[in-house]
Amino acid sequence: MNKGRQSRWYVLGTLVLAVVLLILALRGVEWAQLLSVLGRSQLNLLLLACTTQLLSYAVRSLRWRMLLSAEKSIALLDVFSATMVGYLGNNFLPARAGELMRAVLLGHRTGLSKSFILGTILTERLIDVVAVVILGGSVLLLSDTMQTAAPNWLMSAVRGAGLTGLAVIAGLLALRRWRNAYQRWFFGLPLSAAVRVRIITVARNFWIGVQSFRRSAHGAGIVSLTIAVWSLEVVTALSVAYALALSLAPLAALFLLVTLALSSAAPSTPGYVGVYQFVAVTVLALFDFSASEAVAYIIALQLVSYLIVTPWGLWGLWRLGGRRQLNPISG
């Protein structure tokens, strides 16, 4: 019952947040201009964006497969299917439920421990955190616009998120060297049994994922694939902008993607409705986008994602026996 109440409060909170941010994002929109921007879309460039977005998901699957290969060699098609199911779940379900979905389905498919799979997913997320921190810092250093025109709260949010991410990673990595000291300190804390179990579970899953990174001996390959992922994401973002006849520089596209990635960590409705619109209007205003152009752009960018994720995610769900395997979770 307590979990049910918490779930309802979480959903209510995310809905309120989405509505508030959506109102803030849409208050300066001129709907005739928005429809005009969307109406001049060039189909060939949108198809290019769809292609590069699909390639980005494929490269993410290759990177995840490298982490998983520390335990067992898995068919790339299985990993890709699970990856797309994960994005499908994140797009249509709250609380990033897609991560659990892909762990359960791939576990049933391959016989791998779900804790190990969740550990590799957590490691994958931490790799992207490091990438976001590096890319965001690089844009701040290289872009005169960001240094002079960005509002203080946005700059503080980017720096704060970056420092927090690095601090969490550093702290978790330090656990290996000073594990005994951490254990004595941890078990001395006045925590309930439930909270203690949750923390231990998260730490164990993280270490499983970190060990997969170490044992996979594919560090350079994972770094290279991460660079490829973000390069493809930038090409997708630029293709969408050009399809709408909007001028967007590569550094601006990269900074937008970084801020969207950071915003996805906040509680949100499925598909980050509201959050993404607010971020797009705030960031793209720095690069002379009107609110109408920014909202039209983020609608088109999200549409590209949905056009790829929805059919491939449903295919992956069918291929991995999702309806049968996920019934215990929904129940």
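# A guided tour of the salt bridges, cores and surface

The structure holds 10 salt bridges, a salt bridge being a side-chain nitrogen of Lys or Arg within 4 Å of a carboxyl oxygen of Asp or Glu. The structure is a predicted model, in which local features need pLDDT of at least 70, side-chain atom pairs count only at pLDDT 80 or more, and totals for chains, interfaces and linings use all residues. Residues are numbered from 1 along each chain as its sequence is written, and side-chain values use heavy atoms, with hydrogens and water left out.

## The whole chain

Begin with the protein in a cartoon view. The secondary structure comes to 16 helices and 0 strands; helices (H or I, at least four residues) and strands (E, at least two) are DSSP runs, numbered from the N terminus. Of the 331 residues in the protein, buried residues make up 46%. Here buried means under 20% relative accessible area, exposed over 50%, and partly exposed in between (1.4 Å probe, protein chains only). Among contacts (heavy atoms within 4.5 Å) with a separation of 6 or more, 76% join residues 24 or more positions apart.

## First stop: the charged network

Select Arg60 and Asp128. Arginine 60 forms a salt bridge with aspartate 128, and their closest N and O atoms are 3.0 Å apart. Arginine 60 belongs to helix α3 (residues 43-68) and aspartate 128 to helix α6 (residues 114-142), so this pair ties together parts that are 68 residues apart in sequence. Both arginine 60 and aspartate 128 are buried.

Because arginine 63 lies in helix α3 and aspartate 128 in helix α6, the pair ties together parts that are 65 residues apart in sequence.

Which residue forms a salt bridge with arginine 63, the closest N and O atoms being 3.6 Å apart? Select Glu124, which is that partner. This pair links distant parts of the chain, with glutamate 124 in helix α6 and arginine 63 in helix α3, 61 residues apart. Glutamate 124 counts as buried because its relative accessibility is 3%, and arginine 63 is buried, with a relative accessible area of 0%.

Now widen the selection. Arg60, Arg63, Glu99, Arg102, Glu124, Arg125, Asp128 and Glu233 are linked in a network of salt bridges. Side chains of opposite charge can pair when their charged atoms come close.

## Second stop: aspartate 78

Is aspartate 78 buried or exposed? Its relative accessible area is 9%, so aspartate 78 is buried. The side chain of aspartate 78 makes a polar contact with that of arginine 109 (3.2 Å); a polar contact is a pair of N or O atoms within 3.5 Å, where within protein one must be able to donate a hydrogen and the other to accept it, and residues adjacent in sequence count only if both atoms are side-chain atoms. Neighbours within four places in sequence aside, aspartate 78 is in contact with Leu106, Arg109, Arg319 and Leu320.

## Third stop: the nonpolar cores

A nonpolar core is a set of buried Ala, Val, Leu, Ile, Met, Phe, Trp, Tyr and Cys residues joined through side-chain atoms within 4.5 Å. The largest one has 60 residues, and Leu248, Leu284 and Tyr297 have the most contacts inside it. Helix α14 (residues 291-319) gives the largest share of this core, 11 residues.

Select Tyr297. Apart from neighbours within four places in sequence, tyrosine 297 is in contact with Ala237, Val240, Ala241, Leu244, Leu246, Leu248, Leu256 and Leu284. Another core, of 15 residues, lies apart from the largest one and includes Leu68, Val79, Phe116 and Leu320.

Select Ala245, in the loop between α11 (219-243) and α12 (250-263). Phi of alanine 245 is near 60°, a positive value in a residue other than glycine. Then select Asp288, in the loop between α13 (275-284) and α14. Phi of aspartate 288 is near 70°, again positive in a residue other than glycine. Aspartate 288 is exposed, with a relative accessible area of 71%.

## Last stop: a surface patch

Finish at Trp9, in helix α1 (residues 2-26). Tryptophan 9 counts as exposed because its relative accessibility is 63%. Trp9, Leu12, Val16, Val20 and Leu24 make a nonpolar surface patch of about 480 Å². Patches are made of residues with over 30% relative accessible area and no salt bridge; like charges are joined within 9 Å, and nonpolar side chains (Val, Leu, Ile, Met, Phe, Trp, Tyr) within 5 Å.

Methods: Areas by Shrake-Rupley, 256 points an atom, 1.4 Å probe, with all protein chains shown as cover.
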